[in-house]
Amino acid sequence: MTPDAREPFVVAHRGASAERMEHTLAAYELALEQGADGVECDVRLTRDGHLVCVHDRTVERTSNGTGLVSEMTLEQLRELDFGGPGRPATVLTLGELITLVLDWRARPTKLFVETKHPVRYGGLVENKVLAELQRFGIASPPSADHSRAVVMSFSATAVWRIRRSAPLLPTVLLGDSSVYLGGGAATTVGATAVGPSVKTLREHPELVDRAAAAGRATYCWTVDDQEDVALCRDLGVSWLATNHPGRTKGWLAAV
Ligand code: G3P
Ligand code: CA
């Protein structure tokens, strides 16, 4: 995951989440079928210590249940429907998503795992993510470019923890321009890439070159408009996360 001049790799944000319910197996399968180069997921801990792919603290928005993910067991979460009308789906564990990515034989793809609320659990989430990557043999890649997994966080502390425990694993420090423009926290914690929002990229396009000068790639989220895809390509963004992986691959192939 080094800065380079290729067209951006396309990461399906929560799967093909514009067309299927986010973080479901169906959303990830569709993204891979559409040619996504990688898939993104958020992970949270259940009450009984399992990592599940859920963005929000609660399950209200994405399932037919109510309550905090952190106060429910995996078994309780499995009883809920995360798929919506006509497409029932159970909650996805990180292990199940890793299995899908590694079993995808059409081409090698990457998994981008974002840890949520790292401060609250004092490193437990990062340790669990690493243990899960280790279980599948992908926590110590030969190089960042050849890694099948990338760990991301808005928390510099979380990124630092990952770097300390798994120095070969690529990382992205997500966040705003103040973090990146002077090198800042991404340099301090040794993140492989900076991770601005597309709004920040529009306002500060120079951040891509600055990151590259410091040996860092750029991961930009969430890039759903055609002009923003073109901006990422023109600036040399390495990875762009989008809710529309199929459409985005088409746009990039057409130029
Ligand atoms: O890919 C990074 C992006 O997902 C960060 O924002 O809120 O969608 O997790 P959020
Ligand atoms: Ca995310």
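1. Two residues are in contact if their C-beta atoms, placed from the backbone, lie within 7 Å. Helices (H or I, at least four residues) and strands (E, at least two) are DSSP runs, numbered from the N terminus.

2. This is a predicted model, in which local features need pLDDT of at least 70, side-chain atom pairs count only at pLDDT 80 or more, and totals for chains, interfaces and linings use all residues. Residues are numbered from 1 along each chain as its sequence is written, while chains are lettered from A and ligands numbered from 1 in the order in which they are written.

3. The chain contains 11 helices and 9 strands. Along its principal axes, the C-alpha trace spans about 50 × 40 × 35 Å.

4. Helix H1 covers residues 25-33, and its buried residues are Ala27, Tyr28, Leu30, Ala31 and Leu32. A residue is buried if 20 or more other C-beta atoms lie within 10 Å of its own, exposed if 12 or fewer, and partly exposed in between. The cover over these buried residues includes strand S1 (9-13), strand S2 (38-45), helix H3 (94-103) and helix H11 (245-254).

5. Leu25 also lies in helix H1. Leu25 counts as partly exposed because it has 19 C-beta neighbours inside 10 Å. Leaving aside residues up to four places away in sequence, Leu25 touches Ala89, Leu92 and Leu100. Thr90 is 65 residues from Leu25 in sequence, yet the two are 8.4 Å apart in space, C-alpha to C-alpha.

6. After H1 comes Gly35, which has a positive phi near 100 degrees.

7. Of the 255 residues of the chain, 47% count as buried.
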